[in-house]
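Biologist: Before I rely on any label attached to this model, I would like to hear what stands behind it. Could we go through the terms together?

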Protein chains: 2
Amino acid sequence: MGELRREPIVRRWVVITTENPKGPSDYLAFKFPFRVAESGEPCPFCRGNEWMTPPETFSTGTGGGGWTVRVVPNKSPFFHIEGDFDRRAEGMYDLMGSIGAHEIVVEAPDHPPSFATMDPPQIRQVLLAYRQRFIDLERDPRIHQMLILKNYPGIFNRHPHSHLLAMPVVPRGIDEEILGTLDYYQRKERCIFCDIVREELSARKRVVMETSSFLVFCPFASRFPFETWIIPKTHSPDFQAITEEMMGDLSVILQSLFARFRTLLSDPPYSFVVHTSPIQGQFHRDEYHWHVEARLRIGLSEGFEWGTGFFVNPTPPENAAELLRDSG
Amino acid sequence: MGELRREPIVRRWVVITTENPKGPSDYLAFKFPFRVAESGEPCPFCRGNEWMTPPETFSTGTGGGGWTVRVVPNKSPFFHIEGDFDRRAEGMYDLMGSIGAHEIVVEAPDHPPSFATMDPPQIRQVLLAYRQRFIDLERDPRIHQMLILKNYPGIFNRHPHSHLLAMPVVPRGIDEEILGTLDYYQRKERCIFCDIVREELSARKRVVMETSSFLVFCPFASRFPFETWIIPKTHSPDFQAITEEMMGDLSVILQSLFARFRTLLSDPPYSFVVHTSPIQGQFHRDEYHWHVEARLRIGLSEGFEWGTGFFVNPTPPENAAELLRDSG
């Protein structure tokens, strides 16, 4: 079991994993990344090695040729499906059990390198898995926020996969967005994300590409070089309400965007996250708007963001968008 | 000139450097870090190469043997001392010139590797330089926040140095702390940092070391493995009010702490930041309390913080403090 501890000044929740705490030797080992791939051990996410993971919670394509996408509980989860919140104080501090769910979406049966080189129909299966797990998990009344995070390449395993997190609290990153959207809505009676879509379609300086359902653009105040957002053109608070047509569009966009990154920047490491409205209580139906935020992990300002709370970006989004447009 | 652009949802300021924007080739080059050291070019921060930097703003030890610590304006500053705020809108967005100051504190005339192996008297000269520059820069009415950030090793140059930033806005990281301290003070009429000092001295589970002026501890909700804070034991909002005696204490602590990191974790990369009260208007005299936050750059949860707004820390601060105590 892990603990959710609340930072008392800023009141941010931090997950502290208390079982098998990591000591210095674990960090020394980590100086050589991608241990699984290098070790020659069998990959637990490859087809044929299903026995190495906990039982799956969802899979696609199991008709005849075997699964195409497979979702399994994480063996070292940040949030645990079993256990008790046990909310309590320790001195002046607050903590509780890290209840929730942490699953791994295995995006393919083998090791194609990236969304950049996957077929859009395979990416569509991944999106289907995200949607189905969101729909299942949102029935759990303990869950307040769901989130998808993908790192390429993976930190511990190069097999293409993403993290699905179902959390008992709305984490700081989403909460800040929520507060901002509520404030904007109070002043304008409009969704700020919808206004951004209109602004970007009118200015045309930061647009990367466009489909009937989505706008892909580099945000005005991009924190990272080549930061790119993918946003539904019409108001939609919840990722899990994504339609079949939108999944088709989004799979083409994801393949194309990461292929452009690959062309421009020689197979760079990237991450993306799906931000969606908190669940429970049907809050924020008019104000929040789901979207995908993608970034490259190539920043020069490592440490600045942590130390100062501000980001420094040496590539203006207007330049980034132009380069990405022209590399399609 | 750079721009300060305001992210419209979360309302975080981002520095976008618009002159000489960095394109893909700049990032490809950066895949091989420490370019200056590898290139064989002369180091602009070494004694004898003073001609390579802009004129210094402060130095110590210039009596006979040459300078011991030297402060110079950064050649590629994030904040510019000259120019105009030019606050304006662009469509729905807000921006202004990135006015302020960005100086480099060269911590020694040659390349000793780290605070871990420097003599405390030399570190004391560095603290003196911080204090003097803070006192000079706070007279500029355009400056609202000052901050020190040190990365070891440096990103572009291995010569030991720290960044001194004087900013026209209070950045998000400090602003979040300020809001938290104000809220706490409203409820309790006590400084939350002072309460944390009392709590940690009473619990004794997370203390690393202690002098007459400072407490060194791993915070209850540490975001990073081995995160360590250094905090004055008595209430003090401003770093620049540091006394001679406190500077002596702090120089011994900094040397000892980073030597412990070195012993435990085989010369790991680390960073620290000095957080101090915003200036102008004499706000927050009773609520804010300056301190040093130090971290190792060895996290396993790269990407999680950005993607989710929460941190995952696999080393409980109680374990970290014990290991650090025992390695002194």
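**The sheet of chain B**

Modeller: In this predicted model, 10 strands of chain B make up an open sheet, ordered β3-β4-β7-β9-β8-β13-β14-β12-β11-β10, and their pairing is antiparallel.

Biologist: What makes β3 and β10 of chain B the edge strands?

Modeller: β3 (58-60) and β10 (207-210) of chain B each pair on one side only, and this marks them as edges. From one strand to the next, the twist averages 15°.

Biologist: How do you know that β10(B) pairs with β11(B)?

Modeller: Pairing requires at least two bridges, and three bridges join β10(B) to strand β11 (residues 214-217) of chain B, so the two count as paired, running antiparallel. Within this pair, M209(B) stands opposite V216(B).

Biologist: Which strands does helix α6 of chain B touch?

Modeller: Helix α6 (residues 244-265) of chain B packs on the sheet against β10, β11, β12 (228-232), β13 and β14 (291-296) of chain B, and its direction makes about 15° with that of β11(B).

**Between the chains**

Biologist: What makes β2 of chain A and β15 of chain B a pair?

Modeller: Three bridges join strand β2 (residues 13-17) of chain A to strand β15 (residues 311-313) of chain B, and at least two are needed, so this is a pair, here a parallel one. V15(A) stands opposite V312(B).

**A helix of chain A**

Biologist: Why does the length of helix α6 of chain A agree with its number of residues?

Modeller: At 1.5 Å a residue, its 22 residues should span 32 Å, and because the end C-alpha atoms are 32 Å apart, the two values agree.

Terms used
Residues are numbered from 1 along each chain as its sequence is written. Chains are lettered from A and ligands numbered from 1 in the order in which they are written. This is a predicted model: local features need pLDDT of at least 70, side-chain atom pairs count only at pLDDT 80 or more; totals for chains, interfaces and linings use all residues. Helices (H or I, at least four residues) and strands (E, at least two) are DSSP runs, numbered from the N terminus. The expected span of a helix is 1.5 Å times one less than its number of residues. Axes are lines fitted to C-alpha atoms, for helices over the stretch in contact, and angles run from 0 to 180 degrees between N-to-C directions. Two residues are in contact if their C-beta atoms, placed from the backbone, lie within 7 Å.
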